[in-house]
Amino acid sequence: MTRRFEGRELVVATHNRGKLEEIADLLAPYGVTLSSNADHGLPEPVEDGTSFVENARIKAHAATRATGLPALADDSGIEIAALGGRPGIHTADWAETPEGRDFTMAMTRAHDELRASGAPEPWRAKFCCTLVLAWPDGHDEVFPGTMEGRIVWPMRGEQGHGYDPIFQPNGHDVTFGEMDRWAKNRISHRADAFARLVAGCFA
Ligand SMILES: O=c1nc[nH]c2c1ncn2[C@H]1C[C@H](O)[C@@H](COP(=O)(O)OP(=O)(O)OP(=O)(O)O)O1
Ligand SMILES: [Mg+2]
């Protein structure tokens with residue numbers, strides 16, 4: 001299946017630099033030539049789907065249509081059990097401000113809502129990642145991944161991106177924000193989805 005990528009470029013259809021770096025590391029062993037949305041000057045599509053897979057499809061197919069190349073999109077987010085699964089597909093929206101994204105604000109909101117809910121700790125949470133690989137002929141392939149853990153407070157760690165400082169994965173006593181990129185990439189929701197992608201495309 002590696003042949004499907006031989007001599008071709010894969011567009012990573014994301015505007016999130018943290019994701020792009022993780023995806024480049026995860027794909028490094030497979031000799032795929034990567035380019036990004038930024039390399040192609042692609043706009044950020046409106047993510048108005050009602051699920052991770054719908055939003056990933058919107059992003060992947062938009063990049064494929066614009067470039068004629070296969071494209072890989074990642075739609076991800078965190079589901080907090082005591083908040084009924086919120087923010088879920090709205091995880092990035094919680095960080096939105098007129099000046100750009102503010103993840104300290106978003107993490108503070110998650111913590112404030114957990115406190116207000118009265119839910120006892122541990123506050124169970126699940127990171128979800130859905131990868132969609134879209135092909136120029138219009139078909140696509142879907143690879144889901146998850147990582148279970150808990151929300152911790154205060155924030156811990158300067159590494160990673162997004163909500164990493166408040167997410168402590170099960171089986172670990174550090175947050176994603178305290179893990180180096182290789183440690184996170186061995187266990188994350190994105191790594192889980194990539195294991196399925198690799199099995200489907202490079203096995
Ligand atoms: O490993 C992660 N560590 C921490 N936070 C994370 C992670 N993975 C997703 N997240 C959070 C932040 C992100 O902003 C949102 C996903 O929203 P999502 O729309 O999929 O991504 P995005 O808007 O940042 O970039 P793009 O849509 O261009 O791929 O969930
Ligand atoms: Mg997005």
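Asp 75 is found in strand β3; helices (H or I, at least four residues) and strands (E, at least two) are DSSP runs, numbered from the N terminus. The model is predicted: local features need pLDDT of at least 70, side-chain atom pairs count only at pLDDT 80 or more, and totals for chains, interfaces and linings use all residues. Residues are numbered from 1 along each chain as its sequence is written, while chains are lettered from A and ligands numbered from 1 in the order in which they are written.

Asp 75 counts as buried because 25 other C-beta atoms lie within 10 Å. The cut-offs are 20 or more such atoms for buried, 12 or fewer for exposed, and partly exposed in between, with C-beta atoms placed from the backbone. Residues up to four places away in sequence aside, Asp 75 touches Phe 52, Asn 55, Ala 56, Lys 59 and Thr 130. Contact here requires C-beta atoms, placed from the backbone, within 7 Å. An unreviewed UniProt entry annotates Asp 75 as "binding site". Such positions are given in the numbering used here, feature names are shortened, and annotations may be inferred rather than shown by experiment.

Strand β3 spans residues 71-80 and gives the most to the shell around ligand 1, with 4 residues. The ligand has 21 residues around it, of which Thr 14, Asn 16, Ser 76, Ala 92 and Gly 162 come nearest. Membership requires a C-beta atom, placed from the backbone, within 6 Å of the molecule. The shell holds 10 polar, 8 charged and 3 nonpolar residues. In this scheme Ala, Val, Leu, Ile, Met, Phe, Trp, Tyr, Cys and Pro are nonpolar, Asp, Glu, Lys and Arg are charged, and the others, Gly among them, are polar.

The fold was examined next. The protein chain has 5 helices and 8 strands. Their order from the N terminus is β-α-β-α-β-β-β-α-β-β-β-α-α. The radius of gyration is 17 Å, which agrees with a compact globule because 203 residues would give a value near 17 Å. That radius is taken over C-alpha atoms, and the globule rule is 2.2 Å times the number of residues to the power 0.38. Along the principal axes, the C-alpha atoms fill a box of roughly 55 × 35 × 25 Å. Buried residues make up 37% of the chain. Among contacts with a separation of 6 or more, 59% join residues 24 or more positions apart.

The largest nonpolar core has 47 residues, and Ala 60, Leu 72, Leu 131 and Ile 151 have the most contacts inside it. Such a core is a set of buried Ala, Val, Leu, Ile, Met, Phe, Trp, Tyr and Cys residues joined through C-beta atoms within 7 Å. Elements that each supply at least two core residues include β1 (9-12), α2 (52-67), β3 and β7 (140-151). Strand β6 gives the most, with 9 residues. Beyond its neighbours within four places in sequence, Ala 60 contacts Ala 13, Ala 71, Leu 72, Ala 73, Val 132, Leu 133, Ala 134 and Asp 140.

Lys 126 also belongs to β6. With 19 other C-beta atoms within 10 Å, Lys 126 is partly exposed. Its C-alpha atom is separated by 6.5 Å from that of Ile 80, 46 residues apart along the chain. Neighbours within four places aside, Lys 126 is in contact with Glu 79, Thr 146 and Glu 148.

Two cis peptide bonds were examined. One runs from Glu 121 to Pro 122, with omega near 5°. Pro 122 lies in the loop between α3 and β6. Another joins Trp 153 and Pro 154, with omega about 5°. Pro 154 is in the loop between β7 and β8 (167-169).

Conventions. Contact = placed C-beta atoms within 7 Å.
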